[in-house]
Amino acid sequence: MSTLPARAGRRCHHAVNPFHSAVYFSRELREEMAALGVTDPNAAYFASRAAAFGAVGPGTVTATFFNFRHDLVARHLPAVWEVATPAQVLDARLRAADRTLRRLLGEEAVAAPDVAEAAELALRAAEGCARPGRPLYAAHADLPVPAEPHLAYWHAATLLREHRGDAHIAALLDAELDPLEALISHTATGFGMAPKWVLGTRGWTQQEWDEASARLVARSILDQEGSLTEQGTALRAELEERTDRLDAAPYEHLGAEGTLRLTELAKDLFGRIIAAGAFPDGMLGRG
């Protein structure tokens with residue numbers, strides 16, 4: 001029986017996750033990867049997020065990242081490991097995280113007590129995560145925790161993000177949504193990635209988008225205008241609730257008071273990095 005308020009873990013995740021994600025949109029990551037010789041943005045993303053696995057091929061990344069077209073992944077993996085080793089990429093990603101967060105928060109803020117407190121709470125929550133069946137989380141859980149508080153918090157945010165992400169993929173598979181169907185139905189909620197971003201970054205074509213949309217219409221998940229039907233809205237809500245159940249352990253471990261405090265701290269940090277321009281305009285929504 002859960003001791004947490006309803007959706008407390010989800011609210012905490014939504015506040016913490018952007019701190020992790022911001023690095024992948026940063027110019028600092030592009031610069032650090034380019035210094036290693038990895039200049040293609042897709043190659044830089046695949047390598048920097050997958051490096052915890054070691055020098056894996058495209059199959060592992062397609063399976064664990066879930067929503068990228070396999071041909072796009074295979075265009076860059078395993079070739080990227082001939083340019084930079086996983087160890088070099090992990091070091092570059094940590095340098096990028098340090099530089100990005102110092103730019104977004106300011107030099108004084110990264111050493112502030114609220115960042116250290118957030119790191120402590122997020123790391124405590126991550127103690128409740130489990131490796132079995134969660135490959136991206138498990139790979140990152142084997143990495144050392146950085147000493148500086150802002151990087152420790154970023155590391156913990158990464159663990160919590162990948163733990164929930166692995167669980168969400170299990171829920172999507174159970175709902176029989178393929179990668180593009182999952183993206184389209186999420187976009188239709190108004191909170192997912194905008195279509196131009198899906199097509200521009202995930203490797204799918206407009207024809208594939210249209211075909212996947214037609215499949216969702218046939219299942220009564222979307223209507224003819226591309227909006228969620230009542231059944232589709234219920235499905236997306238069920239997916240989040242199922243993910244909540246599969247991702248409850250870290251927040252149960254942290255407890256209700258700790259989860260609430262981490263959410264408060266994370267929301268404040270989220271607001272500050274958003275105000276500093278951490279994410280591109282127009283990335284989310286149906287437009």
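This is a predicted model: local features need pLDDT of at least 70, side-chain atom pairs count only at pLDDT 80 or more; totals for chains, interfaces and linings use all residues.
Residues are numbered from 1 along each chain as its sequence is written, and side-chain values use heavy atoms, with hydrogens and water left out.

Cysteine 129 counts as buried because its relative accessibility is 12%, where buried means under 20% relative accessible area, exposed over 50% and partly exposed in between, with a 1.4 Å probe and protein chains only. Select cysteine 12 next, which counts as buried at 0% relative accessibility. A search of the whole structure finds zero disulfides.

Now move to alanine 84, in the loop between helix H5 (70–74) and helix H6 (86–105); helices are DSSP runs of H or I with at least four residues, numbered from the N terminus. Alanine 84 counts as buried, at 1% relative accessibility. Leaving aside residues up to four places away in sequence, alanine 84 touches Leu36, Val38 and Val89, a contact being heavy atoms within 4.5 Å. The C-alpha atoms of alanine 84 and leucine 36 are separated by 6.2 Å, although these residues are 48 apart along the chain.

Finally, show helix H2 (residues 27–35) together with H6, and look for residues that meet, among them Leu29 and Met33 in H2 and Val89 and Ala92 in H6.

How values were computed: Helices (H or I, at least four residues) and strands (E, at least two) are DSSP runs, numbered from the N terminus. A disulfide is a pair of cysteine sulfur atoms within 2.5 Å.
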